[in-house]
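Subject: Structure handover

Hello,

Here is the structure I said I would pass on. Please open it next to this message.

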Amino acid sequence: MPPGGPVALAAVVAHAVRRLAAAGLGEGDEPAREARLLVAAALKLDRLALITQRDRPVDPAAQDVVDGLVARRIAGEPVSRILGRREFWGLDFALGPDTLDPRPDSETVVEAALEATADRADRRLTVVDLGTGTGCLLLAVLSERPNAYGLGIDRAPGAVRIAGQNAFRLHLEAQAGFLVGDWATALAAGAADLVLANPPYIRRDALAGLDWAVRGFDPADALDGGPDGLAAYRSIVADLPRLMRPDGCAVLEIGSDQADAVAEIVNSAGLALAAIRADLAGRNRALVVRHGKKSLVERAKPH
Ligand SMILES: C[S@@+](CC[C@H](N)C(=O)[O-])C[C@H]1O[C@@H](n2cnc3c(N)ncnc32)[C@H](O)[C@@H]1O
């Protein structure tokens with residue numbers, strides 16, 4: 001805001017909308033939506049107060065806080081990073097510098113996992129989430145399955161800390177535990193009815209070309225899939241025959257062009273590809289894997 005005295009809340013919001021729109025951030029209602037989120041966070045108000053307290057005076061120091069958040073957004077920081085939270089599967093997750101910002105596409109993994117274990121909905125289910133980040137995949141599944149218990153593992157201690165906090169925030173702490181580890185190496189054989197994994201799968205030479213909103217804010221360890229993007233799948237899949245119970249399954253998130261390559265890794269490990277699931281945009285997004293040699297689906301068809 002230009003220097004001066006207190007200004008009405010509605011004017012602070014309008015100023016933020018104008019700055020975001022002028023910076024070309026989004027079309028239609030998007031600048032207004034983002035401005036409301038940023039102003040509410042800066043002033044520690046709920047969204048309703050923005051509507052019901054339009055004349056509320058905002059002093060210059062508080063205006064500076066709003067301006068600071070808007071400046072971060074204009075510099076390319078995603079709103080979710082500025083707010084430190086992201087909605088996933090209708091649940092509110094805290095983010096940290098060591099966690100990936102959960103993507104809506106990853107809800108495909110949750111859907112596939114619930115479908116693949118539908119026959120066990122009322123029975124005890126042990127879930128292992130490899131590379132848990134915020135814990136979003138594990139906690140989303142546990143929120144739907146009161147009889148399920150799960151362990152989330154991540155190499156990043158900062159992610160494990162945030163995932164544990166998210167379990168408490170979502171009142172799922174009695175069902176979930178988190179630990180620092182290298183994939184499933186610390187786990188006993190036959191530990192899981194259901195394995196979830198959204199591993200890093202970006203080819204290393206593509207990292208530098210990612211949008212700043214990703215490259216600048218998601219941790220490299222959550223993105224870097226090695227020279228061909230498949231390094232983490234090789235490690236994880238090699239351990240699945242040991243980790244999964246005989247009637248267990250695994251759901252792996254994949255990059256949209258990786259279905260064939262990951263299916264080959266699955267088959268080479270002596271496992272069966274049971275299903276390929278597409279995200280809302282129709283892109284291959286998740287593979288369901290079971291024990292058994294023969295793949296149960298036709299080769300993945302590119303969309
Ligand atoms: C793509 S992120 C997925 C995070 C979360 N599951 C989600 O879907 O939003 C991959 C995660 O794997 C973790 N990771 C990378 N290498 C790992 C390893 N060797 N063992 C355990 N976790 C690892 C990263 O720290 C990161 O949190």
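This is a predicted model: local features need pLDDT of at least 70, side-chain atom pairs count only at pLDDT 80 or more; totals for chains, interfaces and linings use all residues.

Seven strands make up an open sheet with mixed pairing, in the order 7-6-5-8-9-11-10. Strand 7 (176-180) and strand 10 are the edge strands, and each of them pairs on one side only. From one strand to the next, the twist averages 20°.

Two of the pairings can be given in detail. Strand 5 (residues 125-130) and strand 6 (residues 148-154) run parallel and are joined by six bridges. Within that pairing, Asp129 has Gly152 of strand 6 as its bridge partner. Strand 10 (residues 271-278) and strand 11 (residues 284-291), on the other hand, run antiparallel, with seven bridges between them. Here Arg277 stands opposite Ala286, which belongs to strand 11. Strand 10 and strand 11 form a hairpin in which five residues lie between the strands. In the turn, Gly282 has a positive phi of about 85°.

Helices on the sheet

Helix 7 lies across strand 5, strand 6, strand 7 and strand 8 (192-197). Relative to strand 6, helix 7 runs at about 175°. Helix 8 (residues 157-169) also packs on the sheet, where it touches strand 6 and strand 7. The direction of helix 8 makes about 170° with that of strand 7.

Helix 6 with helix 7

Helix 7 (residues 136-144) also packs with helix 6 (residues 107-116), at an angle of about 40° and with the axes 10 Å apart. An angle under 35 degrees would count as roughly parallel; helix 6 and helix 7 are therefore oblique to each other. The crossing of helix 6 past helix 7 is right-handed. On the helix 6 side, the contact is made by Val109, Val110, Ala113 and Leu114. On the helix 7 side, Leu137, Ala140, Val141 and Glu144 take part. By class, this contact has seven nonpolar residues, no polar ones and one charged.

Helix 1 with helix 2

Helix 1 (residues 9-22) and helix 2 (residues 30-43) pack with their axes 8 Å apart, at an angle of about 130°. That angle makes helix 1 oblique to helix 2. Helix 1 passes helix 2 in a crossing that is right-handed. From helix 1 the contact takes Val12, Val13, Ala16, Val17, Leu20 and Ala21. These meet Pro31, Ala32, Glu34, Ala35, Arg36, Leu38 and Val39 in helix 2. The contact of helix 1 with helix 2 divides into eleven nonpolar residues, no polar ones and two charged.

Helix 10 with helix 11

For helix 10 (residues 231-243) and helix 11 (residues 259-268), the axes come within 9 Å and cross at roughly 30°. Helix 10 and helix 11 are therefore roughly parallel to each other. Helix 10 passes helix 11 in a right-handed crossing. Tyr233, Arg234 and Val237 supply the helix 10 side of the contact, while Val262, Ile265 and Val266 supply the helix 11 side. Sorted by class, the contact of helix 10 with helix 11 has five nonpolar residues, no polar ones and one charged.

Regards

Definitions and conventions:
Residues are numbered from 1 along each chain as its sequence is written. Two strands pair if DSSP finds at least two bridges between them. Helices (H or I, at least four residues) and strands (E, at least two) are DSSP runs, numbered from the N terminus. Axes are lines fitted to C-alpha atoms, for helices over the stretch in contact, and angles run from 0 to 180 degrees between N-to-C directions. Angles under 35 degrees count as roughly parallel, over 145 as roughly antiparallel, 65 to 115 as roughly perpendicular and the rest as oblique. A crossing is left-handed if the near helix is turned anticlockwise from the far one by less than a right angle, and right-handed if clockwise. Two residues are in contact if their C-beta atoms, placed from the backbone, lie within 7 Å. Ala, Val, Leu, Ile, Met, Phe, Trp, Tyr, Cys and Pro count as nonpolar, Asp, Glu, Lys and Arg as charged, and the others, Gly among them, as polar.
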